Amino acid sequence: MFGMKFFILAVFALTSCVAKPTTRELYEEDLKLERQLKLINKPSVNTVKTEYGDIYDCIDFYKQPAFDHALLKSHEFHPEMRPSNMNGLEEVGKEEEKEEGDNEIEVECPHGTVPIRRTTKEDLIRQKTFNQMFDSNIHPLTDSEPGLHYAGNRVISKYVDMDFGGGFAHFSLYQTPNVHQLQFSSGLIKVSNGTDFIKAGWTVNPTLYGDNRCRKFAYFHTRDQHCFNTNCPGFVIVNNNSPLDYAFPKVSEIAVRIMECRFYIYRDPQNGNWWLVTGKGKKQKALGFWPAKLFTDLAYNADEVYWGGELFTIPNSKTSPMGNGLLIKHVDDPRLYAYARDCSVVDAKTQKAIGVAEVNSEEVTDFDGWYGRRKAHIEKYWGHTIMFGGPAKLIKGN
């Protein structure tokens with residue numbers, strides 16, 4: 001209830017100069033939302049309801065939202081598609097220590113269908129306001145994503161004499177505390193080139209989902225469009241039981257347990273499609289891909305890969321915490337913090353995974369050291385590890 005009140009007050013404050021809508025305008029807006037829902041929520045073959053109340057519709061592969069994109073009306077994609085070269089998906093680090101393991105989840109949809117979270121009218125209302133905030137010029141910290149704060153590590157192709165065909169890392173999963181409406185907190189990997197980029201990882205985003213659970217997410221940005229998950233056409237789902245935006249059943253608890261998920265963004269060298277793969281070993285799953293024709297700069301390889309934390313907040317307000325909320329103090333003990341371990345890139349030429357410890361990388365943040373972001377070169381299991389996180393902070397003029 002508090003979160004919704006915060007959301008309403010924030011929206012009012014940001015839109016107070018706009019005239020109050022009339023009854024007729026409200027009615028027309030409601031009809032518009034209903035029409036949108038009919039376009040977004042495709043006819044389903046089956047429906048699955050999770051213990052958290054989410055409803056997933058099992059949609060025929062060929063009727064999924066991706067194919068509403070003008071560039072994908074004519075295609076030869078099919079539900080059996082997988083990355084053509086799996087060699088690059090091998091891990092660099094060795095499993096010499098036993099963790100709780102990857103926290104993979106499933107929604108059982110029939111073969112030939114794909115699971116897509118059903119959108120409600122409340123989702124549309126929240127998303128509309130959030131998109132206006134996220135895409136505005138409220139606080140242009142970055143040219144492409146105003147309002148965003150970050151702390152992590154990156155590699156750039158021109159400094160390592162290598163183009164990137166993707167990258168991966170194991171991320172510890174956390175339900176970041178005290179994330180309010182019009183905010184989010186995430187741990188992610190990002191591959192980019194020019195104005196095009198793709199992100200994937202975990203997030204706590206109450207405006208997008210209506211709750212504060214730790215969820216799997218993806219986001220892509222091109223010159224023509226950008227959105228989370230399948231909120232706009234583009235991402236082609238092939239997996240019938242591991243959906244985007246699913247709430248992880250278990251998350252890490254400080255000094256109690258660590259739950260992880262491995263996120264891998266990989267460019268198929270045969271056709272240029274960018275794949276999202278999660279898990280490891282026998283639990284590894286190719287969720288789907290962004291077709292090469294959607295991109296301009298990423299139609300080829302990536303020239304930058306980033307691992308770390310991100311958060312977003314509204315103007316002149318306290319941010320949410322990052323990671324699990326702890327500031328990095330004990331760099332030799334990554335188990336205490338949100339982390340990305342075994343950070344690696346794929347050499348686009350050789351298609352081999354290379355640990356970031358073997359190439360030049362740099363720490364990046366816009367927080368001037370407020371959020372600790374350290375890297376630990378620990379052999380074998382941990383590989384190159386990025387730790388990120390810290391408490392909430394009031395940023396004036398944000």
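A: Let me begin with a term: a residue is called buried when its relative accessible area is under 20%, exposed when it is over 50%, and partly exposed in between, using a 1.4 Å probe and protein chains only. This is a predicted model, in which local features need pLDDT of at least 70 and side-chain atom pairs count only at pLDDT 80 or more, while totals for chains, interfaces and linings use all residues. Residues are numbered from 1 along each chain as its sequence is written, and side-chain values use heavy atoms, with hydrogens and water left out.

Q: Phe235 and Trp290, are they buried or exposed?
A: Both Phe235 and Trp290 are buried.

Q: What kind of aromatic pair do Phe235 and Trp290 form?
A: Rings of Phe, Tyr and Trp (its six-membered ring) pair if their centres lie within 6.5 Å, and planes under 30 degrees apart count as stacked, over 60 as edge-to-face and the rest as tilted. The search of the whole structure finds 19 aromatic pairs. Phe235 and Trp290 make a tilted pair, with 4.6 Å from centre to centre and 55 degrees between the planes. That pair links distant parts of the chain, since Phe235 sits in the loop between strand 9 (226–228) and strand 10 (236–237), Trp290 sits in strand 13 (residues 285–290), and they are 55 residues apart. Helices (H or I, at least four residues) and strands (E, at least two) are DSSP runs, numbered from the N terminus.

Q: And why is the pair of Tyr339 and Trp382 edge-to-face?
A: The ring centres of Tyr339 and Trp382 are 5.0 Å apart and their planes are at 75 degrees, so this pair is edge-to-face. Tyr339 lies in strand 15 (residues 338–347) and Trp382 in the loop between strand 18 (372–378) and strand 19 (383–389), so the pair ties together parts that are 43 residues apart in sequence. Tyr339 and Trp382 are both buried.

Q: Which residues form one aromatic cluster?
A: Phe61, Tyr62, Phe67, Phe77, Trp275 and Phe289 form one.

Q: Back to Trp290, what does it touch?
A: Contact means heavy atoms within 4.5 Å. Leaving out residues up to four places away in sequence, Trp290 touches Ile198, Ala218, Phe220, Gly234, Phe235, Asn273, Trp274, Leu276 and Phe295.

Q: How many residues has the largest nonpolar core?
A: A nonpolar core is a set of buried Ala, Val, Leu, Ile, Met, Phe, Trp, Tyr and Cys residues joined through side-chain atoms within 4.5 Å. The largest one has 73 residues, and those with the most contacts inside it are Trp290 and Trp307. Apart from that core lies another, of 12 residues, among them Leu148, Phe184, Phe217 and Tyr219.

Q: Changing topic, how many disulfides are there?
A: A disulfide is a pair of cysteine sulfur atoms within 2.5 Å, and the search of the whole structure finds 2 disulfides. One joins Cys58 to Cys109, with 2.0 Å from S to S. Another is formed by Cys227 and Cys232, whose sulfur atoms are 2.0 Å apart.

Q: Why is the disulfide of Cys58 and Cys109 left-handed?
A: The torsion about the S-S bond of Cys58 and Cys109 is about -75 degrees, so the disulfide is left-handed. For Cys227 and Cys232 the torsion is about -80 degrees, so that disulfide is left-handed as well.

Q: Where does Cys232 lie?
A: Cys232 lies in the loop between strand 9 and strand 10, and at 14% relative accessibility Cys232 counts as buried. Setting aside residues up to four places away in sequence, Cys232 touches Phe220, Gln225, His226 and Cys227.

Q: Why is the sulfur of Cys214 too far for a bond?
A: The closest cysteine sulfur to that of Cys214 is in Cys261, and it is 9.2 Å away, too far for a bond. At 1% relative accessibility Cys214 counts as buried, and Cys261, at 0%, counts as buried too.

Q: And for the chain, how many helices and strands?
A: There are 5 helices and 19 strands in the chain. Of its 398 residues, 57% count as buried.
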